[in-house]
Amino acid sequence: MAELQEEGISFDAGKEFYNPHMHLCRSFSSLVVGTLPEVKVLDAFSASGIRGLRYAKENPNVSSLEMVDVSADAVALCRQNAERNGIKAKAHEAEFNKFIIGKEGDYDLLEIDPFGSPAPYSYNAIRSFRFKKEGFLSITATDTAVLCGAHANACMRIYHSVPLHEEIYHEAGVRILWKCIAHIAGEFDFGIVPLATFSHRHFFKLFLKLEKGAEKGVKCFRKTGYLILCPHCRYRHGGEVASEICPKCGKKAKWAGPLWLGELHEPKTLEKMLALNAERNYSHKEKLDKEIKLMQGEIGMPPYFFNIHSTCGHLDIQPPPKTEVLLEKLRGEGFRAVRTHFSPIGVKTDADICSLAKSLQATK
Ligand SMILES: C[S@@+](CC[C@H](N)C(=O)[O-])C[C@H]1O[C@@H](n2cnc3c(N)ncnc32)[C@H](O)[C@@H]1O
Ligand SMILES: [Zn+2]
């Protein structure tokens, strides 16, 4: 393949080791990496190495970089691309689960970016930190159809949770993945601190800090629970138990879980990411700024949102109001209300469905 360019790195990716649609994800991720303390990085599913190479080039806090890929061709590209860009890095041809055994404590940040589900790698990734007080993980999932409920059986098998194939499926799906990570972390006496969560097109990206402490693990366990969504009256709720009966209208409700009900982002991380993004000239600079600001708004809000169009469809309000008009109305009524990065027509609010309906009626 001809020479490729991404944010100042020129590299070769052969015929199959580069996905240009993940450029935005790599830039988002590199911003998170820039907010961390000094880190030794293992880019464990490196393909051409572009991700790890960008982390190392863009972030002075990356003190060393190693790369792993099961493909000999990918590893050859990693070596060549590191050299071409003057970046010091070791590359290993290995299967991740075999490679990481016996490397406990060697790395501070593991980059887990496989094809499809990260589930088969999460246990060994978290286990590798077990003798450390803290560690950082960056995890990609591209099996979003499974997590979002298009394949419910696969979700139950792989993630041990019931998914929700409803209007908030992206948020429910990413929360199922967070639950899995939190539960595995608990097995090794770690609590998790979600630093940033990005849902975009076909991928979820999770960044987290592992913090040693059995109590922290228990606290995180208690942050997992269930989402209930009633398809009849549009009631929704996140809590410790699931229910098949809607507490509002008494009809059959849908539920999903167990899933993570805690925060998806850490305020300081997002603040630092915004500052770093302002200094960098990424080709997705404006998009990143917008997404990170939406994430800031999500902090402290309920673990779900309302899709304005489907809520209006249910209430027979046509055409739906502009999002900004609804937000103003809700805020005027004393509710908190923000947009969400999960959907351009989504609103997170602490108003219940009845109050939301009143605000929507009032926008007519
Ligand atoms: C989605 S690509 C990684 C993309 C890369 N991080 C980037 O941003 O361009 C997944 C890579 O993981 C490699 N891979 C798949 N299974 C693996 C395993 N079990 N251990 C190590 N590498 C693996 C594949 O050869 C492929 O190059
Ligand atoms: Zn109901």
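This is a predicted model: local features need pLDDT of at least 70, side-chain atom pairs count only at pLDDT 80 or more; totals for chains, interfaces and linings use all residues.
The protein contains 14 helices and 15 strands. Its C-alpha atoms fill a box of roughly 60 × 40 × 35 Å along the principal axes. The radius of gyration is 21 Å, which agrees with the value near 21 Å that a compact globule of 364 residues would have. Of these 364 residues, 50% count as buried. Contacts between residues at least 6 apart in sequence were also examined. Of these, 66% join residues at least 24 apart.

The protein is divided into two domains. Domain 1 spans residues 4-287, and domain 2 spans residues 306-362. Their centres, taken over C-alpha atoms, are separated by 30 Å. Domain 1 gives 7 residues to the contact, and domain 2 gives 7 residues as well. On the side of domain 1 that touches domain 2, the residues divide into 2 nonpolar, 2 polar and 3 charged.

Helix H2 is largely enclosed by the rest of the structure, because 8 of its 9 residues are buried. The buried set comprises Ile50, Arg51, Gly52, Leu53, Arg54, Tyr55, Ala56 and Glu58.

An α-helix has 3.6 residues a turn, so residues three or four places apart point the same way. In helix H5 (residues 119-127), the buried residues are Ala119, Tyr121, Ser122, Ala125 and Ile126. Seen down the axis of H5, the buried residues fall within an arc of 140 degrees, so they line one face of the helix.

Helix H14 (residues 353-362) buries Leu356, Ser359 and Leu360. The arc here is 100 degrees when seen down the axis of H14, so these buried residues also line one face of the helix. They pack against strand E13 (306-307), H12, H13 and strand E15 (343-349). Cys354 and Gln361 are exposed, and they sit on the face of H14 turned away from its buried side.

Most residues other than glycine have a negative phi, and most peptide bonds are trans. The peptide bond from Gly257 to Pro258 is cis, with omega near 0 degrees. Pro258 belongs to strand E12 (residues 254-260). Gln318 and Pro319 are likewise joined by a cis peptide bond, with omega about -5 degrees. Pro319 lies in the loop between helix H12 (308-315) and helix H13 (323-332). Both of these helices take part in the packing against the buried residues of H14.

Positive phi values occur at His160 and Asp189. Neither is a glycine. Phi of His160 is near 60 degrees. His160 is placed in the loop between helix H7 (152-159) and helix H8 (169-187). It is partly exposed, with 13 other C-beta atoms within 10 Å. For Asp189, phi is about 60 degrees. Asp189 lies in the loop between H8 and strand E8 (190-200). Asp189 is also partly exposed, with 16 other C-beta atoms within 10 Å.

Asn153 lies in helix H7. This residue counts as exposed, because it has 9 C-beta neighbours inside 10 Å and the cut-off for exposure is 12 or fewer. Asn153 and Glu95 are 58 residues apart in sequence. Their C-alpha atoms are 27 Å apart in space.

Conventions. Residues are numbered from 1 along each chain as its sequence is written. Chains are lettered from A and ligands numbered from 1 in the order in which they are written. Helices (H or I, at least four residues) and strands (E, at least two) are DSSP runs, numbered from the N terminus. The radius of gyration is taken over C-alpha atoms; the globule rule is 2.2 Å times the number of residues to the power 0.38. A residue is buried if 20 or more other C-beta atoms lie within 10 Å of its own, exposed if 12 or fewer, and partly exposed in between; C-beta atoms are placed from the backbone. Two residues are in contact if their C-beta atoms, placed from the backbone, lie within 7 Å. The arc is that of the directions from the helix axis to the C-beta atoms. Domain bounds come from an automatic or database domain assignment. Ala, Val, Leu, Ile, Met, Phe, Trp, Tyr, Cys and Pro count as nonpolar, Asp, Glu, Lys and Arg as charged, and the others, Gly among them, as polar.
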